[in-house]
Amino acid sequence: MNNQDAVASILHECKQVLDRLLLETPDVSTEDKGEDQRCRASLSGELRTLIQEAKEMKWPFVPEKWQYKQAMSPEDKTNLQDVIGAGLQQLLVGRVAPPVPLSSPREAFRV
């Protein structure tokens, strides 16, 4: 048996197992059902409605405006590692901007 036949056989076996699992009904004990009903009863009516609507997939997906950009600008393609790396050596060796002058040496040690 070659590799493709072996893979096909394994996939077929997996599909059979999944089909059997989908046909089986989960065993939910009476105790679990009772606990579920008690928990649901403790929720507000509005929350129960929201949970039911979520189960029934009644909420449409509405993408937020910030999730998608219509056009890419050069700023969007900037690699931060390149930006930081370009000035990193200067930052490590010395300061890029001159230090802020202190009015007295004691200011340097104030907490």
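Student: How many salt bridges are there in this structure?
Tutor: A salt bridge pairs a side-chain nitrogen of Lys or Arg with a carboxyl oxygen of Asp or Glu, within 4 Å. In this predicted model, the count comes to two salt bridges.

Student: Which side chain does Asp19 meet in a salt bridge?
Tutor: Asp19 pairs with Lys15, at 3.0 Å from N to O.

Student: Where do Asp19 and Lys15 lie?
Tutor: Both are in helix α1, residues 3–23. They are four residues apart, about one turn of the helix.

Student: With which residue does Asp36 form a salt bridge?
Tutor: With Arg40. The closest N and O atoms are 3.0 Å apart.

Student: Why are Asp36 and Arg40 separated by about one helical turn?
Tutor: Because they are four residues apart in helix α2, residues 30–42.

Student: What is the relative accessibility of Arg40?
Tutor: Arg40 is at 29%, so it counts as partly exposed. Asp36 is partly exposed as well, with a relative accessible area of 38%.

Student: What about disulfides: how many are counted?
Tutor: A disulfide is a covalent bond between the sulfur atoms of two cysteines. The rule asks for a pair of cysteine sulfur atoms within 2.5 Å. Here the count is zero.

Student: How accessible is Cys14?
Tutor: Cys14 is partly exposed, at 41% relative accessibility. Cys39 is also partly exposed, with a relative accessible area of 44%.

Conventions. Residues numbered from 1 in each chain as written. Predicted model: local features only at pLDDT ≥ 70, side-chain atom pairs only at ≥ 80, totals over all residues. Heavy atoms only, no water. Buried < 20%, exposed > 50% of the residue type's maximum accessible area, 1.4 Å probe, protein only. Helix = DSSP H or I, 4+ residues; strand = E, 2+ residues; numbered from the N terminus.
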